[in-house]
Amino acid sequence: MSTVFAGLTRRSLFKSSALGATALAAPHIMTRAAQAEVPMVATQPSAYKRFTLGAFEVTVLSDGHRVVEKPQGIFGTNVTETDVSSLLEENYLPVDKMQFTFAPTLINTGDDLVLFDTGNGEGGREGGVGQTLANLQASGYTPDQVSVVVLTHLHGDHINGLTEGGAPAYPNARYVTGQAEYDFWSSTDRVGTPAENNHKAVVGKVVPLVEKMTFIGDGGSVVPGVTGMAAFGHTPGHMIFGIQSNGHKVMLTADTANHYVLSLQRPDWEVAFDADKAAAAATRKTVFDMIAADRLAFIGYHMPFPSVGYIEKVGEGYRYIPETYQLDI
Ligand SMILES: [Zn+2]
């Protein structure tokens, strides 16, 4: 290594790489060039993050990720595109595209295996998402062990994984979702409105499960230690969950914030995905003020995987602090 790079300035080093490895005459570099003909594998590794919370075991599962063009068309729709681009640049993020991640979460309470949201499902697999089922299995569980599926809200990226090959993906599970959420999306009043497409998805994926479904409101219990809280705005009945065992607590905030910079540093910026923009902004501030004040860890469905972090109040918003080893030791 040192003999190859000796005498190279940074500039000449990058110039050589731009011309390709063959521009350097050292024989072992030629060997490297030959190896480059091996095709790239390109698939992603199995991805999950596991930690203990009191007597519970928490496993955050990756559903995969997707790249979306033009962040300015989704976030900060009430400010200028320059404002959005500047904040992205300040945070070392590209301005022309962004990555979305999706993180369903499993909680093993000892008595129940609770899955929060189901990802994009088999229909998303060609696009690099829909990996929840595979990662659940890679993490050591089987789909038939899931006893409760909680739907934080009924958008496609949360409900499409309910089925696999046309059958329930978690065959032994009962289901829990917010009453207000179910009532809104299942109603035929949505036909002929901008909500019609998602209404159809709910009719296809969620309504057939109604016999096995429990509906909760603010303060509703899923299983002992798992409590729902109304966090309306993103959707009309969007719920978040407090998870508590032996005095240890984590919040599962679902889609209260959809991006770790754009939604958290600027909670008042409007987001195209939020049904009621003002209510969503007010909810963001209430929820993340509480999480910051209590110094709680939280799991955010669209936070950068593994989607667990902390929050610090800074200026008009919050700084996202990714969890590293705080929950592991
Ligand atoms: Zn979502």
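**Close-ups of the zinc site and its neighbouring strands**

**View 1. A cross-strand pair in β17 and β18.** I311 has Y320 of β18 as its bridge partner. This is a predicted model, so treat every close-up here as a look at a prediction. Strand β18 covers residues 317-322, and its pairing with β17 is antiparallel, with six bridges.

**View 2. The turn of the hairpin.** Two residues sit between the strands of the β17 and β18 hairpin. Look for G315 here: its phi is positive, near 55°.

**View 3. Where β16 meets β17.** These two strands run antiparallel and are joined by two bridges. Across from F298 you'll find G309, which belongs to β17.

View 4. Four residues reach the metal: D157 and D255 through OD, H158 and H302 through NE2. The donors lie 2.1 to 2.3 Å from the zinc ion. The arrangement counts as irregular because the angles subtended by the four donor atoms run from 89 to 167°. Along the sequence, the donor residues follow the spacing D-H-x96-D-x46-H. D157 and H302 tie distant parts of the chain together, being 145 residues apart. D157 comes from helix α6 (residues 156-159), while H302 comes from the loop between β16 (297-300) and β17 (308-314).

View 5. Are D157 and H302 buried or exposed? D157 has 15% relative accessibility, so it counts as buried, the cut-off being under 20%. H302 is buried too, with a relative accessible area of 7%.

Definitions and conventions. Residues numbered from 1 in each chain as written. Predicted model: local features only at pLDDT ≥ 70, side-chain atom pairs only at ≥ 80, totals over all residues. Heavy atoms only, no water. Donors = N, O, S within 2.8 Å, 3.2 Å for Na, K, Ca; no water. Tetrahedral: all angles 85-135°; square planar, octahedral: opposite > 155°, others 65-115°. Helix = DSSP H or I, 4+ residues; strand = E, 2+ residues; numbered from the N terminus. Buried < 20%, exposed > 50% of the residue type's maximum accessible area, 1.4 Å probe, protein only. Pairing = 2+ DSSP bridges.
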